[in-house]
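Okay, thanks for coming, everyone.

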Amino acid sequence: MKRYALIIGAMKAGTTTLFDHLAAHPAVAGSRPKEPGFFAFVDAFARGPDWYHSLFSCDAARHEVALDASTDYAKYPHCGNVAARIRAFGGDFRLIYSLRHPLRRIESHAQHVQHKRREVGQLDTGRADHSLDAGVSAASLDISRYAMQLDQYADYFDSGALTITSVERMAAAPEAAIASICAHI
């Protein structure tokens, strides 16, 4: 596979719904698991291209694009060098960044982390309380700094490689949002 679509974030911004819609397209092979985090973590990236390709059940006669939806790809500085790893991997990458009203994203993030105990990859959080009453975590604030997250890709990809959508856009006009993303990839 030489063509890839990466849903790079943001966490709690509709990435699972977006992944499910895109993976249902007959020309798209979705990764299993949805969030392999291959480009986000040194140990995962060290497994190499063969391991990464094994995450996709690709049928060369049918699939044109491999789809990965790892929100850790937009968790700088907690996950660094992601864009450089993607570029070094080679291939034609189309990036999809989904965002959400930052306050709504932070609320959802706090609830998620309070339950799952993880903010970044499979790393357990050291905080005992992730409720908003305990304050917003540094990772949650960083993830909501959308421009900072996207700036990590500017030196490695031209603007045509990236499309931006939002939970709000997908809720208001789901077919148009998905059609626009499909045209991008």
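First, the ground rules. This is a predicted model, so local features need pLDDT of at least 70 and side-chain atom pairs count only at pLDDT 80 or more, while totals for chains, interfaces and linings use all residues. Residues are numbered from 1 along each chain as its sequence is written, and side-chain values use heavy atoms, with hydrogens and water left out.

Now the overview. Buried here means under 20% relative accessible area, exposed means over 50%, and partly exposed is in between, with a 1.4 Å probe and protein chains only. The protein exposes about 9,000 Å², and carbon and sulfur atoms supply 52% of that; the areas come from the Shrake-Rupley method with a 1.4 Å probe, and for residues only the protein chains shown count as cover. Take the contacts with a separation of 6 or more: 75% of them link residues 24 or more positions apart. A contact is heavy atoms within 4.5 Å.

On to the sheet. Which order do its strands come in? Five strands form an open sheet, running β2-β3-β1-β4-β7, and the pairing is parallel. At the edges sit β2 (28-30) and β7 (162-166), each pairing on one side only. Neighbouring strands are turned by 25 degrees against each other on average, direction ignored. For angles, axes are lines fitted to C-alpha atoms, for helices over the stretch in contact, and values run from 0 to 180 degrees between N-to-C directions.

Let's zoom in on β1, residues 3-9, which pairs with β4 in the parallel sense over six bridges. We say two strands pair if DSSP finds at least two bridges between them. Within that pairing, Ala5 has Arg94 as its bridge partner in β4, and Gly9 stands opposite Tyr97 in β4. With β3, strand β1 pairs in the parallel sense over three bridges, and there Tyr4 stands opposite Ala66. Six of the seven residues of β1 are buried. Helix α1 (residues 15-23) packs on the sheet and touches β1, β2, β3 (65-68), β4 and β7. The direction of α1 makes about 160 degrees with that of β1.

Is Ser98 buried or exposed? Ser98 counts as buried because its relative accessible area is 0%. Leaving aside neighbours within four places in sequence, the contacts of Ser98 include Gly9, Ala10, Thr15 and Thr165.

Now the rings. The structure holds 18 aromatic pairs. Rings of Phe, Tyr and Trp (its six-membered ring) pair if their centres lie within 6.5 Å; planes under 30 degrees apart are stacked, over 60 edge-to-face, and the rest tilted. Phe38 and Phe39 are an edge-to-face pair, 4.9 Å centre to centre with 80 degrees between the planes, and both are buried. Tyr153 and Phe157 make a tilted pair, at 6.2 Å and 40 degrees. Tyr153 counts as buried because its relative accessibility is 5%, and Phe157 because its value is 8%. There's also an aromatic cluster whose members include Tyr4, Phe38, Phe39 and Trp51. Arg47 lies over the face of Trp51, 4.6 Å from the ring centre; the rule is NZ of Lys or CZ of Arg within 6 Å of the ring centre and within 35 degrees of the ring normal.

Most residues other than glycine have a negative phi, and most peptide bonds are trans. Which bond joins Gly9 and Ala10? A cis peptide bond, with omega about 0 degrees. Ala10 has its place in the loop between β1 and α1, and Lys12 is found in that loop too. Phi of Lys12 is positive, near 65 degrees, and Lys12 is partly exposed, at 27% relative accessible area.

The loop between β3 and α4 (82-89) holds Pro77, and the peptide bond from Tyr76 to Pro77 is cis, with omega near 5 degrees. Asn81 is found in the loop between β3 and α4, and has a positive phi of about 65 degrees. With a relative accessible area of 57%, Asn81 is exposed.

Terms used. Helices (H or I, at least four residues) and strands (E, at least two) are DSSP runs, numbered from the N terminus.
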